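Colleague: I'd like to learn how to read sheets and cavities in a model like this one. Could you walk me through it?

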Amino acid sequence: MLKLLDELNLEQRQAVETQEGPILILAGAGTGKTRAITYRIANLIAKGVPAESILAVTFTNKAAEEMRNRVTNLLLRAGVPPGEPWVSTFHSLCARVLRREAPAAGLPRDFTIYDDDDQVAAVKLAMAKLRIEADDLTPRNVLSRISYAKNHGQTPEQVRAEAFSRDGRQTADIYSAYEEVLEDSSALDFDDLLLRSRRMLRESPAVRGKWQARFQYLHVDEYQDTNRVQYELMRLLTGPQQNICVVGDEDQSIYAWRGADVSILQSFSRDFPKARIVKLEQNYRSTQTILDAAGAVVANNPDRLGKSLRAEKSAGVSLKFFEGRDPQAEAEYAAGELERILKEDSDQTCAVEYRTNSQSRAFEEVFRRQGLRYRLVGGFSFYHRAEVKDALAYVRLAMHPEDDISLLRVLNVPPRGIGKTTVDSLRETARNDGTPLWNAIEKTVSGGVTARAVAPLRAFLELVGKLKEALSTKGPAEFLHVVLEESGYMDMLMDRNTAEDVARKENLEELARAVAEGMEAGESFTDFLDGASLVSDADQYDGKPGVTLITLHSTKGLEFDHVFLTGMEEGICPHSRSINEDK
């Protein structure tokens with residue numbers, strides 16, 4: 001392993017060889033922070049630290065996978081058995097811990113994780129139960145307010161008490177109903193994964209001591225973008241030896257709008273007075289011209305810890321600036337430049353970056369018109385495609401029939417004669433009885449309603465009953481095939497047999513393969529379902545040559561040969577919300 005450490009520069013080697021006690025690695029962009037973390041983990045394992053006692057938390061699933069692979073390759077090169085350190089995102093970490101400690105957390109072990117689409121659907125269901133139809137209260141905006149309240153420790157009652165407007169009071173009511181939907185469905189949203197983990201570790205000394213003993217060495221990447229809940233989780237998991245290594249850069253803090261707090265990074269030395277600080281300032285990615293330009297932008301930011309980045313490369317060419325008359329002119333200019341770049345070298349990776357997803361439209365229209373191929377990060381990922389979500393909704397329904405979101409998704413998919421009138425009647429019954437829709441279906445079927453209305457509902461109950469039985473008797477991959485056959489989903493696609501349906505059928509076959517491969521790799525079915533729910537936009541980027549349309553936030557941790565920063569206009573970047581903040 002010592003020979004491998006010779007591949008590091010002096011600053012990186014200091015970070016790697018400082019193993020005991022707290023350490024803050026201030027890592028500027030492109031200075032090899034991932035290299036430092038991976039070598040540090042590999043060095044610990046090579047010196048005899050059990051791999052399973054090492055935890056590393058990253059910002060995306062993609063970054064976690066890359067870190068695992070790098071550590072494995074390093075150890076194989078050093079002739080050391082690699083082992084399996086825990087490398088994951090905060091949400092994946094919490095999901096795994098809650099699965100193992102479900103009784104202590106007051107949860108069933110097979111709880112469901114609602115992804116972003118499911119959470120929006122749950123808000124819609126809550127609004128429908130309350131009969132709230134307000135143009136200025138869109139489900140996604142309400143969900144954002146609920147998330148903010150949760151992360152600031154506010155209950156629905158507190159939100160209502162502090163509300164000054166009708167919208168505020170309605171938001172509090174929706175928040176309360178939303179929580180009931182989650183509880184009835186044995187489901188957690190993304191915020192709950194963190195909050196329930198924090199509460200469990202706070203309230204159970206035995207569980208806290210167990211996990212502190214498990215994780216002897218902690219690593220946190222992108223520390224500048226942790227929020228208060230994530231910070232508290234790390235403090236709760238840090239044992240008495242305080243072997244915690246955090247890596248961050250206050251100049252790259254871009255998630256304040258989502259609750260990230262850069263002061264957490266800035267106060268690390270106060271939290272851990274014995275902490276060592278190592279600065280990585282040798283940049284291997286950019287030219288000095290780019291570094292100087294970026295440095296000038298952040299130079300006036302208050303409370304900087306300070307770094308001076310030095311480029312390994314030469315000064316390079318000057319930055320280019322283009323001012324278009326409108327978004328279309330901007331897109332046409334970018335298209336022309338991209339065509340020139342790719343004509344000279346088709347292996348180049350190019351990114352067109354923008355502040356908000358809506359800005360991609362002008363680029364997509366121009367690129368399609370000019371025949372310029374591109375990939376859109378932030379569109380539908382594999383696990384967000386309708387047919388995949390339908391199949392997984394059946395799986396979740398077999399696990400938890402009381403899951404209203406999954407039930408509503410597939411109640412009439414494939415079509416089985418259960419129309420809007422019947423669904424509205426079921427919702428009314430559930431609302432009046434205060435029960436999940438599943439109970440309302442059972443009540444309707446046993447209540448002597450006309451046979452014509454009851455027959456499809458009875459068939460649906462029987463279908464879910466068969467799926468529950470198959471879940472308990474068959475392996476995950478075989479069970480998924482049962483779901484697709486018994487539900488009639490595959491028959492529906494084959495009967496319609498359009499080009500889109502052929503593609504959907506292929507996607508479902510790919511899903512079955514993914515489940516089988518996950519089981520072969522040692523995953524449990526719940527691990528697989530958790531991974532499907534926790535996939536993020538950045539995980540879609542595959543690093544292949546060509547043009548990628550992507551938001552600035554999704555580019556975190558990614559590298560491109562050519563970058564077009566678009567929409568650099570007042571009120572867009574920085575966004576008007578940032579400009580109007582007090583700070």
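Modeller: Two strands count as paired if DSSP finds at least two bridges between them. Bear in mind that this is a predicted model. Here, strand 12 and strand 13 (residues 546-551) pair in the parallel sense over 3 bridges.

Colleague: Which residue of strand 13 does arginine 375 stand opposite?

Modeller: Threonine 548 is the one facing arginine 375.

Colleague: And how do I read the sheet around that pair?

Modeller: In general, strands of a sheet pair through backbone hydrogen bonds, either parallel or antiparallel. In this case you have an open sheet of 4 strands in the order 12-13-11-14, and the pairing is parallel. Strand 12 (374-376) and strand 14 (562-565) stand at the edges with a single partner strand each, so one side of each has no neighbour in the sheet. On average, neighbouring strands of this sheet are turned by 20° against each other, direction ignored.

Colleague: Which helix lies across strand 11, strand 13 and strand 14?

Modeller: That's helix 17 (residues 327-344), lying across strand 11 (349-354), strand 13 and strand 14. Helix 17 runs at about 180° to strand 14.

Colleague: OK, on to the cavities. How many of 30 Å³ or more does the structure hold?

Modeller: There are 4 of them. A cavity here is a spot where a 1.4 Å probe fits but cannot get out.

Colleague: What lines the largest cavity?

Modeller: Its lining includes Asp115, Asp118, Tyr383, Lys389, Arg396, Arg409 and Leu529. Helix 19 (386-399) and helix 27 (525-533) are the elements that give two or more residues to the lining of the largest cavity. The largest share, 4 residues, comes from helix 19. By class, you get 5 nonpolar, 1 polar and 5 charged residues in that lining.

Colleague: And which residues line the second largest cavity?

Modeller: Among them are Arg99, Asp110, Phe111, Arg396, Met399, Leu529 and Asp530. The elements giving two or more residues to the lining of the second largest cavity are strand 4 (112-113), helix 19 and helix 27. For this one, the largest share, 4 residues, comes from helix 27.

Colleague: How does the lining of the second largest cavity split by class?

Modeller: Into 4 nonpolar, 3 polar and 4 charged residues.

How values were computed. Residues numbered from 1 in each chain as written. Predicted model: local features only at pLDDT ≥ 70, side-chain atom pairs only at ≥ 80, totals over all residues. Heavy atoms only, no water. 1 Å grid on protein atoms, 1.4 Å probe; cavity = no way out; pocket = protein on both sides within 12 Å on 5 of 7 lines; lining within 4 Å. Points joined across faces, edges and corners; volume = space filled by probe spheres on them. Nonpolar A, V, L, I, M, F, W, Y, C, P; charged D, E, K, R; others polar. Axes fitted to C-alpha atoms, helices over the stretch in contact; angles between N-to-C directions. Contact = heavy atoms within 4.5 Å.
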